[in-house]
Amino acid sequence: MITASIVAFHTNHRDLSRLLDCVMRSSIETLYIIDNSTNDELRDFVKGNPRIQYIHSLNLGYGSGHNVAIKKSIEANADYHAVLNPDIYWDGNVIEELEHFMDATPGAGLAMPKIIYPNGETQFLCKLLPTPMDLIGRRFIPVKSYQDKHDHNYELHWTGYDKIMEVPSLSGCFMFMRVSVLREIGGGFDERYFMYAEDLDLCRRIGEVSKTMFFPKVSVVHEYEKGSYKNKKLLKYHITSVIKYFNKWGWLFDSKRKEKNQYCINSLK
């Protein structure tokens, strides 16, 4: 059984309808829509579909919303659970191919497909575990030559993004996870993060007991607005989450970070 979840926040009907079409064409049996909006206007938009469970929730954050669905997925003894952003869509058998890959790779707890922009360009969302400079420097040092050189290494551009590889940090825009592993690590996202860095944290926790894999044989489109680059409120959430992340895992001293990153680089050379 495969379940999935979307956290909505006044999501426009076009994006939601487009994603629902993808889900309904897939082997996902139950889609949980956790609506963090200030109203339940989306309830009527999705009613009448037996494969969709709509839940209007207090807005306690992105991870907290998905955790409502992850808990239900664990209780239902699902095999896999997919976390989806509302601005994702795809053609073909993406879910089925991910399921086949995970079935054939029992040591994997998480897989992310190749993520592309609407124009077909690759989004570089495979990353090493960050140092403070990785997250702070690339954002606040506006020197293109520095950013390009840094991102080439940090985002693993040199790998070509054309082969299956184990990567320590994968994007939360599309996370295909083994439910037994989620059960093993005590559930889903750490709810201390309201928004941002919760996917990085979850990747680390999954990566401590299983493999976190990039699977580029299928791809999904992500419209990726980088909201915190445009909105001061979202930027504040981003900075707060980054501080919480490093307070939890370590700022300068994080031996597991160094070990995981070196293993990743060595395995890909």
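How many bridges join strand β4 (residues 80-84) to β10? Five bridges join the two strands, which run antiparallel. The model is a predicted one, in which local features need pLDDT of at least 70, side-chain atom pairs count only at pLDDT 80 or more, and totals for chains, interfaces and linings use all residues. Residues are numbered from 1 along each chain as its sequence is written, and side-chain values use heavy atoms, with hydrogens and water left out.

Strands are DSSP runs of E with at least two residues, and helices are runs of H or I with at least four, numbered from the N terminus. Strand β10 spans residues 174-178, and five of its five residues are buried (under 20% relative accessible area, 1.4 Å probe, protein chains only). F174, F176 and R178 point one way from β10, while M175 and M177 point the other way. Two strands pair if DSSP finds at least two bridges between them.

| Partner of β10 | Bridges | Sense | Residues opposite each other |
|---|---|---|---|
| β4 (residues 80-84) | five | antiparallel | V83 and M175 |
| β6 (residues 108-116) | two | antiparallel | L110 and M177 |

**The cavity**

A cavity is a set of points on a 1 Å grid over the protein atoms alone where a 1.4 Å probe fits but cannot get out; lining residues have an atom within 4 Å of a point. One cavity of 30 Å³ or more is counted, and the largest cavity has a volume of about 40 Å³. Its lining consists of E166, V167, P168, T212, K260, Y263 and C264. Helix α10 (residues 255-268) provides the largest share of this lining, three residues. By class, the lining holds four nonpolar, one polar and two charged residues.

Terms used:
1 Å grid on protein atoms, 1.4 Å probe; cavity = no way out; pocket = protein on both sides within 12 Å on 5 of 7 lines; lining within 4 Å. Points joined across faces, edges and corners; volume = space filled by probe spheres on them. Nonpolar A, V, L, I, M, F, W, Y, C, P; charged D, E, K, R; others polar. Buried < 20%, exposed > 50% of the residue type's maximum accessible area, 1.4 Å probe, protein only.
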